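This briefing concerns one face of a helix and a selection of salt bridges. Please consult the sequence and the structure shown below while reading.

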Amino acid sequence: MPEQIDLFSASGIEATPPPVDFDPDKIPTSASVPIPPGTYDSLAPLATHCKSCQRCELAETRNNIVVSRGNPKAPIMVIGEGPGQQEDEQGLPFVGRSGQLLEKILGSVRLDTEEDVYICNIVKCRPPGNRNPLAKEINACRPYILEQIRLVDPKIILLTGATSVKGIIPSEKRGITKIRGTWIEWEGRQCMPILHPAYLLRNPSRDPGKPKWLMWQDIQAVRAKLDEIRAEA
């Protein structure tokens, strides 16, 4: 049975009425401005806010904001850690070597990133030197990702890499190698932590038990879960 926990350390992300004095125009100006669930009626105004966002210091060094790519009605959402150099230059997530490998991984089980998948990141701006995002940066950006999840409404969420897991599940203390490949049920969605493609690039062996072999097991399980969900629907 899937492990059932509260992924977001919150009561859920269903749309709720905003506070009476809520001014959505101030959202991009400061992390102190909340983003209540239901703030956005579509992904377009969310992207507009992201493109002018100054909620954390990453805004000072970015070239481009990196919001998403893929199908906004996809059954699978892939949440990465943060943009790298090529992502920062192109304004799209997972377009470098890691992204190319991700495409191959998904394609190996007949998943199309233009049809079946919506791809985004925990933080929308590249951390300098590709360092891991700081907690305050993750916290500033988290409301955006929660709204993306609510609006896309995926059936399956893949948490790609340790930072993605910690960004979405702050209470999770186990390492990615301990929880990868396991299903976590939340709000009617099936969520799986998986190894980051960059980690696979550093560990190219396909031998049983190695990262690439483990990823092959995991992505087959994802395909099977999607087929199961579609059959039940």
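Helices are DSSP runs of H or I with at least four residues, numbered from the N terminus. The model discussed here is predicted.

**Helix H1**

- Helix H1 spans residues 43-51, and its buried residues are Leu-43, Leu-46, Ala-47, His-49 and Cys-50.
- Viewed down the helix axis, these buried residues fall within an arc of 160°, so they line one face of H1.
- Ala-44, Thr-48 and Lys-51, on the other side of H1, are exposed.
- The packing partners of the buried residues of H1 are strand S4 (117-121) and helix H4 (135-152).

- Arg-150 pairs with Glu-147 in a salt bridge whose closest N and O atoms are 2.8 Å apart.
- About one helical turn separates Arg-150 from Glu-147, because the two are three residues apart in helix H4.
- An α-helix has 3.6 residues a turn, so residues three or four places apart point the same way.
- Both partners are buried, Arg-150 as well as Glu-147.

- Arg-180 lies in the loop between helix H6 (176-179) and strand S6 (184-186), while Asp-218 lies in helix H8 (residues 211-232), so the pair ties together parts that are 38 residues apart in sequence.
- Arg-180 has a relative accessibility of 16% and therefore counts as buried, the cut-off being under 20%.
- Asp-218 also counts as buried, because its relative accessibility is 3%.

- Asp-227 and Arg-223 form a salt bridge, with 2.8 Å between the closest N and O atoms.
- These two residues are four residues apart in helix H8, so about one helical turn separates Asp-227 from Arg-223.
- Asp-227 is partly exposed, because its relative accessible area is 32%.
- Arg-223, by contrast, is buried, with a relative accessible area of 12%.

Technical notes. Residues numbered from 1 in each chain as written. Predicted model: local features only at pLDDT ≥ 70, side-chain atom pairs only at ≥ 80, totals over all residues. Heavy atoms only, no water. Buried < 20%, exposed > 50% of the residue type's maximum accessible area, 1.4 Å probe, protein only. Arc of directions from axis to C-beta. Contact = heavy atoms within 4.5 Å. Salt bridge = Lys/Arg side-chain N within 4 Å of Asp/Glu carboxyl O.
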